[in-house]
Every structure is written in structure tokens, then in C-alpha cells.
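Here is a short report on a single model, arranged by structural feature. Keep the structure open while reading.

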Amino acid sequence: MTDVSTPIDYTDCQSLSEIWPRAAERFGSTLALRDPRTEPETALSYQALYRQIRQFAAGLQAYGMQPQSKITLFAENSPRWLIADQGILMAGAANVVRSAQAPREELRYILRDSDSASAIVEDAQTLRDLHPELEALAPVVLLSSQLPEGELAQSVLSFDAVLAAGAERELEPVSITPDSLATLLYTSGTTGEPKGVMLSHRNLLHQVNAIADVIVPQRGDRALSILPSWHAYERSAEYYLLSQGCTQIYTSLRTFKRDLKQRQPHYMVGVPRLWEYVYEGIQDQLREQPAPRRRLARWLLAVSWRYVLAHRLARGLQLEALHTSRAKRLGASTLAALLAPLHALADRLVYRTIRAGVGGCLKATISGGGALPRYIDDFYELVGIPILVGYGLTETAPVTNARRPRHNLRGASGPPLPQTQMQIRDPETHQPLPPERKGLVVVRGPQVMAGYYKRPQETARAIDADGWFDTGDLGWITPSNDLVITGRAKDTIVLSNGENIEPQPIEMACLRSPYIDQIMLVGQDRRSLGALIVPNWEALRAWAAEQNQPLHLPEGGDPDSKPVRDRIRQELNQAVRERASYNPNERIGPFRLLSEPFSIENGLMTQTLKLRRSAVSERYSDT
């Protein structure tokens, strides 16, 4: 579905803080924030949200916070997080954000490196864990209503106390320009030491105005929030959706599937692993159907897939056939017309039920933060779940490219946002390359960061004299100006024969297998690629039962089971051979099956569910 309304314009704003009074006036009693997880449930209108942001800002001023200072904000998603975030900015300061659940040494490093003068933290436990470092800061505010006991209680303020202080005084006017620092957002540290990315009000305001070229919500549309609010991707999306009058509903991984169905969101942003999680749930439901219904569903899916491919080809939206002749496009259009009634039947019998399981109201889901596996992209199109893919980095606030509903080229990351320029350069000579030539992706635009905090040399390496930012990603540009990301320059695996292998496309191909939950390729300086694999044990058990060879696996699975290894070997070989760009060097040789998944808890994934490749390699260095 494509929105046809006109987005609300904020291009004349000098700071993010100017959004909230306008939104309060325009949307008034419309529900802005809803958090069903609190007791009682939190529900704030746009008027109430603006009032609390303003009170929190005035309260910080009352307790001595100075303009242009930096305030640490270590906390999780909640309405209070947004109020604190925007209260800090409205008071003329900048915030330094990270999850309160991040490793304590990382939080201590950020506190030291950022030169924070004050701090706002999630709860008493965070306060205790970071107490020596927080002792010199003032004020220290807890977002939790529960203050600590004893000596610590004397040195901290509650969220409510800051609001109350702000209610008793007027907000002092401060000077905020578009180039004023808004936030220091530390990179996730997938490799090396985290760096503080300096994002200005100009950077973030660009996102608020430019994302309107991708989606245009209606007042009161519901948006489900699950990614960390401190992350650039979720943060810019939240600012934009709230600027347009949406109702933001908070959820969590534990309640996500239920909330997706019950809250019936119109919009949601997520990372690839989240969309895989939804896909896996749909596949589980299909597997649970009686055999005749499973066979019917498989047949209908096959017919619909032929329809989708023909429909794409007719519209020039098949990535692998961008130069199709007019005659072939006409033939594809005819085939799509012939298959359309069967696809419509499949929609009534199967796909409508699938969409109801994800709320039935989605206008757009947006995927970012990593490469979306092609089979997920294809499946969502097939069943009518609208998914758009974007691209960007923390250093670009973050979105530089995004697919549009009117031009949704699967497998690509879409054309640039307004005011954004993109080039593909030769990695060696740094000379621009023509369309369809693969090289290093560089970007220039108002969303590019001011630099890395206190790291002028690293800033100069990342941004050249003409303002071009080196993303570190590899890709190419289609004739219609869509960006196609092929891998990460620093993730490239160089085999002992000198062959360069991009792991991500191969990993995504392997993830099409229902028997592989997670995979990471290895093989630097080795004769062949290897793989670390977390199998889907439930799917393997179901497969074995169908073969009348039930697997009697212990809890967590048996990585040494021969039937399992044989099945996984077949899946790997098939996945690699079926890739359009297959070459023999991409064949996966030795592999290791893992009983422990890659997760945030064991430190092998970031909080946005991206692999910490260096951490995984270190953990399994004996492989």
C-alpha cells in the first residue's frame, strides 16, 4: 500500500526540540506513546509528551545542568527514555547513549571517553555497578521509580523529582543551532574499541525530513517499537514517525509475536534477524498443518512464486535481469496475467491468514542494520507482507538509501534519500566506477556525522576533504540508481590461493535451509571456506520423523550425530551450488555444529542482532 497524503514538513526547524511544540499543537490529544509493559500502562498524548519533555529539560536546568555539556543516558526503551533524551536536547545539552545492559567495562569506557558531566541511568543496579565512575557526576538521575537504599540514595535524583522541579520553573532559553552536537553514539564495538560518533541536530533533522520520501504515515497510525531506542536506526525512525502523529507502542522480544498480532501495527522497523524470527514462526505453523493442507500450501506457494517472478520481470524489478528485452517483459506480463487468478486464490486461502498473524494492518515494515536474506525478502513479497530495505551506518545518522513502495527492487537497498549522493569507487585507486561495477561505497550528504569524538585522525581517514564518507562496504549501483550491497570490505575472507570471498551472500544463501538457524563462514588464509553452524534442531527432528528415522538427540542436540551432519552437508552443498554467481572457491569444506546459539547474552551478537565476527572467531579459534 502506498500512502498518498502529504508529509508534515519540518525543514525550517533549527533543532529537534522544535518538533515537539508543533506536534503537540497539531496532534493534541492523539496518543503519542503507549507502553503496555508498565503497571499501570503508560499512555501519553502529544500534549502530555511535550509538557513532560519541557518539564524534564527545565528540571535538569534547575539541578545545575549546563548548556553544551554532555549527559550520559544508559537506559532501555521506554517513554521515560524518550522524555529524557529530548529533555536533554531541549535544555541545550547533548546526550551520550548506550544500553544499560551493555558490558560494564564498555559503559565505564564511554563515561571516561565522553567527558560526561551528568548521568541518567536505568535503575539502582546500574548505579551500583558504575558507582565509582558516577560519583563525580552531578546530577545523577534514575529513570526507575525505585531509589537505592543507604548512602547511594543521597546522591541521586528520581525521574519524578526532575519533572517536579521543572514544573516549578520556566525553561531557560538556550541557543541551539543545526550544527550543535545532539548525541554521542558509540559504535557497537564489533571490532576494536568503540568510537563516539558525533551526530548534530542537522544530521538527525535530515532523517526526519528525508524519510518522508519513503513512507508517509497517517495521524494515529500505530508503530511497534522493539529495537534499542538509543540505536541510530530506531531513533531516527521514532523521531520521524512521531513527527507525523503516529502512536508508538513498546514491545519486547518476549512479547513481540503476541503484540504484533494484537496491537496490529501499521509500521515497524527491525533488523534481519527479527524478520527471520517472524518467518520461522510462519514456517512452524505451516509444518503443523495436516499433510493435505501442507501439500496444497506448497503448490500454491510454487504457483505464486512463478507469478511474482513474472510480475517483477514485467516491471523491470528483477535484480538478476535488469536488461531484459521489451519482448521478454511483454511475455512476462502475459504470464503474470494468466497466473494472477491462482495467486489471488492462494491469497484468499493461505496468505490472508498469514498476514492476520502479523496484525493484518501493516503498511510497511522496514529492514536495516544488516543484509536481509534474499529468501526472506522473496517470501514476504509472495505472501503480501510489505517490506522495504534501507541502508546506512551509525556515522550517517543512519539512513542513506531505502527502497520505496513505488519502486521496491528486491535484493537491493534502494536509491539514495533526498540530498544524498553516492559513489562506487575502486578500492585501490579510489576513482569513481560506472554503474554495475562493484567497488567501495562512499556517501555524502547532510546526514554524515561531524566526526569521531576526540579522534581527528580517524575522522580524516573516514571523511575526505570533499565530504565523502567511506562506509567500508562493498557494492554496486544499478542503472535505476539502486544500491546493492555485496559485503563488508573488512569481512572479506582471503583464502590461501588469494581468492577473495564475501561471506554474507553465501551465509544468506545457506540460511534458506530450514535446518540452519545461524551460520558464520571462516577460512582466512586457509585452503577452503569453513563454517560455524547453529542447527535448527526442531526442524531436523521433524525431517528425521518424515524419513522414519527418528533422531534421539539429548537436550540441545548432538553436534556429532552422523545423520545430522549428512543432512547439513547436503544443505550447504545445495545452497552454494544454486547461487547465481557460484564459483568452486565458495564451496564450504569443514564445518562445526554448535549447540549454543550466537546471542547478545553470550557476547556473540550486538544488541541489534548483528554477529560480532571477531568475538565468534576468538571463541572458536580452535576450529
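## A nonpolar surface patch

Leu296, Trp299, Leu342 and Leu349 make a nonpolar surface patch of about 360 Å². The model is predicted. Helix 12 (291-315) and helix 13 (326-357) each supply at least two residues of this patch.

Leu349 lies in helix 13. Leu349 has a relative accessible area of 42%. That value falls between the 20% and 50% cut-offs, so Leu349 counts as partly exposed.

## Helix 13 against helix 14

Helix 13 also packs on helix 14 (residues 374-383). The angle is about 110 degrees, and the axes are 9 Å apart. Angles of 65 to 115 degrees count as roughly perpendicular, and helix 13 and helix 14 are therefore roughly perpendicular to each other.

Helix 13 brings His343, Tyr351, Ile354 and Arg355 to the contact. Helix 14 brings Phe379, Leu382 and Val383.

## Salt bridges around helix 14

The salt bridge count comes to 39. One of them joins Asp378 to Arg312, with the closest N and O atoms 2.7 Å apart. Asp378 lies in helix 14 and Arg312 in helix 12, so the pair ties together parts that are 66 residues apart in sequence. Both Asp378 and Arg312 are buried.

Arg403 and Asp377 form another salt bridge, at 2.9 Å from N to O. Arg403 lies in the loop between strand 15 and strand 16, and Asp377 in helix 14, so this pair links parts that are 26 residues apart in sequence. Arg403 is buried, with a relative accessible area of 0%. Asp377 is buried too, at 2%. Salt bridges that share partners join Arg312, Glu320, Arg374, Asp377, Asp378, Glu381, Arg403 and Arg410 into one network.

## A salt bridge across the sequence

Asp213 forms a salt bridge with Arg406, the closest N and O atoms being 3.6 Å apart. Asp213 lies in the loop between helix 8 (201-210) and strand 10, and Arg406 in the loop between strand 15 (399-402) and strand 16 (421-425), so the pair ties together parts that are 193 residues apart in sequence.

Asp213 is partly exposed, at 29% relative accessibility. Arg406 is exposed, at 53%.

## Helix 8 under cover

How many of the ten residues of helix 8 are buried? Eight are, and the helix is mostly covered. The buried residues are His201, Asn203, Leu204, Leu205, His206, Gln207, Val208 and Ala210.

Their cover includes helix 1 (19-27), helix 3 (79-90) and helix 9. It also includes strand 8 (181-186), strand 9 (196-200) and strand 15.

Leu60 sits in helix 2 (residues 46-62). Its relative accessibility is 2%, so Leu60 counts as buried. Beyond residues up to four places away in sequence, Leu60 touches Met65, Ile71, Gly87, Ile88 and Val162. Leu60 and Thr396 are 336 residues apart in sequence, and their C-alpha atoms are 29 Å apart in space.

Ser229 lies in a loop, between strand 10 (222-225) and helix 9 (232-243). Is Ser229 buried or exposed? Ser229 has a relative accessible area of 1%, which means that it is buried. Leaving aside neighbours within four places in sequence, Ser229 is in contact with Asn77, Trp81, Glu234, Arg235 and Glu238.

## Backbone details

Two cis peptide bonds deserve a look. The bond from Glu39 to Pro40 is cis, with omega near 0 degrees. Pro40 is in the loop between strand 1 (31-35) and strand 2 (42-45). The bond from Ala138 to Pro139 is also cis, with omega near -5 degrees. Pro139 lies in the loop between helix 6 (131-134) and strand 6 (140-142).

Positive phi values come next. Ala397 is not a glycine, yet its phi is positive, at about 70 degrees. Ala397 lies in the loop between strand 14 (387-392) and strand 15. Ala397 is buried, with a relative accessible area of 0%. His430, not a glycine either, has a positive phi of about 65 degrees. His430 is in the loop between strand 16 and strand 17 (439-444). His430 is partly exposed, with a relative accessible area of 42%.

Note on methods
Residues numbered from 1 in each chain as written. Predicted model: local features only at pLDDT ≥ 70, side-chain atom pairs only at ≥ 80, totals over all residues. Heavy atoms only, no water. Patch = residues over 30% accessible without salt bridge, like charges linked within 9 Å, V, L, I, M, F, W, Y side chains within 5 Å. Areas by Shrake-Rupley, 256 points an atom, 1.4 Å probe, with all protein chains shown as cover. Salt bridge = Lys/Arg side-chain N within 4 Å of Asp/Glu carboxyl O. Helix = DSSP H or I, 4+ residues; strand = E, 2+ residues; numbered from the N terminus. Buried < 20%, exposed > 50% of the residue type's maximum accessible area, 1.4 Å probe, protein only. Axes fitted to C-alpha atoms, helices over the stretch in contact; angles between N-to-C directions. Parallel < 35°, antiparallel > 145°, perpendicular 65-115°, else oblique. Contact = heavy atoms within 4.5 Å.
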